[in-house]
Amino acid sequence: MPTHRIDGHTSHSYNSELRSIVDGVVNMGDLVITQVRHALNAFMTGDTTLAKQVIENDHNINLLELAIDQQCIDILVKRQPAARDLRAVFSIMKAIMDLERIGDQSKRIAHAVLRLKEHHPGKKNYFDGIELQEDAFEQINAHVINMLQKSMDAFHNMNAEEALQAAMLDNHIDNSYGEILRQNDKDMLVQGTHYQTILEITWIGRAVERIGDHARNVCEYTIYFVKGLDVRHKKDDEIAELLAKKL
């Protein structure tokens with residue numbers, strides 16, 4: 001894994017330690033994206049073996065979070081960083097918390113897949129009778145994978161503008177989730193025999209939407225890391241204006 005541009009500190013050993021932590025976050029992000037991709041593939045195909053693999057591998061994400069968190073604590077204790085350096089460590093600690101929560105959402109999706117297959121044993125497709133939802137999930141799944149990848153690319157590149165562009169993709173996920181909810185309401189009225197299936201699908205849609213929210217948080221902490229701007233709870237156009245002033 002290549003190192004990332006972390007400079008501005010007079011201590012080369014400090015820069016090396018921080019680069020190591022950033023590399024760890026990127027590796028954690030790669031694992032998280034794989035977990036999300038596998039969980040969504042398991043959902044779309046009904047692959048219970050893949051769903052169980054996602055559940056088992058979640059522990060690896062937790063271990064990475066703990067390891068990176070400890071590295072950050074070690075820097076705080078040994079280096080007692082201030083200003084920009086403290087901001088960097090804080091941003092990383094917050095970002096890995098959101099990455100861990102994305103892993104949790106992937107595990108929730110995987111558990112839902114196992115429950116869905118219990119309701120639909122054998123080769124029966126649990127989308128039978130509610131085909132519109134299959135198309136809707138193909139769309140939202142593509143959006144969330146794209147957002148996650150771009151969010152981690154922005155962190156990898158330490159690029160605030162890329163982070164904003166990735167954060168803006170959350171709007172597509174929210175819109176797709178809204179469409180899923182509206183279709184679920186209709187399906188509940190006309191597909192009484194599919195009640196349990198529709199309920200599980202609703203929870204999976206919610207998990208995907210939450211993954212988008214956590215990915216946006218990672219983008220916001222990347223902006224804070226790079227530019228020193230706290231953009232939490234701000235609209236996209238407000239963030240763009242703040243970044244323009246920082247150029």
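This report walks through a predicted model of a protein chain, from its overall build to a handful of individual residues.

**Overall build**

The chain is a helical one: its secondary structure amounts to eight helices and zero strands. Followed along the sequence, the pattern reads α-α-α-α-α-α-α-α. Along the principal axes, the C-alpha atoms take up a box of roughly 65 × 40 × 25 Å. The radius of gyration is 20 Å, which agrees with the value near 18 Å that a compact globule of 247 residues would have.

How much of the chain is buried? Buried residues account for 48% of the 247 residues. The accessible surface is about 12000 Å², and carbon and sulfur atoms contribute 51% of that area. Among contacts with a separation of 6 or more, 75% are between residues 24 or more positions apart.

**The annotated domain**

UniProt, in an unreviewed entry, lists "domain: PhoU" for residues 26-112 and 140-221. The span 26-112 is 93% helix and 0% strand, and its end C-alpha atoms lie 28 Å apart.

Let us start with L31, which sits in helix 1 (residues 12-45). Its relative accessibility is 24%, so L31 counts as partly exposed: the cut-off for buried is under 20%. Beyond its neighbours within four places in sequence, L31 is in contact with N60, I61 and L64.

Next comes S176, in helix 6 (residues 170-190). Is S176 buried or exposed? With a relative accessibility of 4%, S176 counts as buried. Setting aside neighbours within four places in sequence, the contacts of S176 are Q139, I140 and H143.

R216 belongs to helix 7 (residues 195-227). It is an arginine that counts as buried, because its relative accessibility is 13%. Which residues does R216 touch, not counting those up to four places away in sequence? They are M147, A167, M168, D170, K234, D236 and I239.

Most residues other than glycine have a negative phi. Q80 has phi near 45°, a positive value in a residue other than glycine. Q80 is placed in the loop between helix 2 (48-79) and helix 3 (84-119). M158 also carries a positive value, with phi near 50°. The loop that holds M158 runs between helix 4 (131-157) and helix 5 (160-168).

**Accessibility side by side**

The table below gathers the residues discussed above.

| Residue | Relative accessibility | Class |
|---|---|---|
| S176 | 4% | buried |
| R216 | 13% | buried |
| L31 | 24% | partly exposed |

Notes
Residues are numbered from 1 along each chain as its sequence is written. This is a predicted model: local features need pLDDT of at least 70, side-chain atom pairs count only at pLDDT 80 or more; totals for chains, interfaces and linings use all residues. Side-chain values use heavy atoms; hydrogens and water are left out. Helices (H or I, at least four residues) and strands (E, at least two) are DSSP runs, numbered from the N terminus. Buried means under 20% relative accessible area, exposed over 50%, partly exposed in between (1.4 Å probe, protein chains only). Contact means heavy atoms within 4.5 Å. The radius of gyration is taken over C-alpha atoms; the globule rule is 2.2 Å times the number of residues to the power 0.38. Accessible areas come from the Shrake-Rupley method with a 1.4 Å probe; for residues, only the protein chains shown count as cover. UniProt positions are given in the numbering used here, feature names are shortened, and annotations may be inferred rather than shown by experiment.
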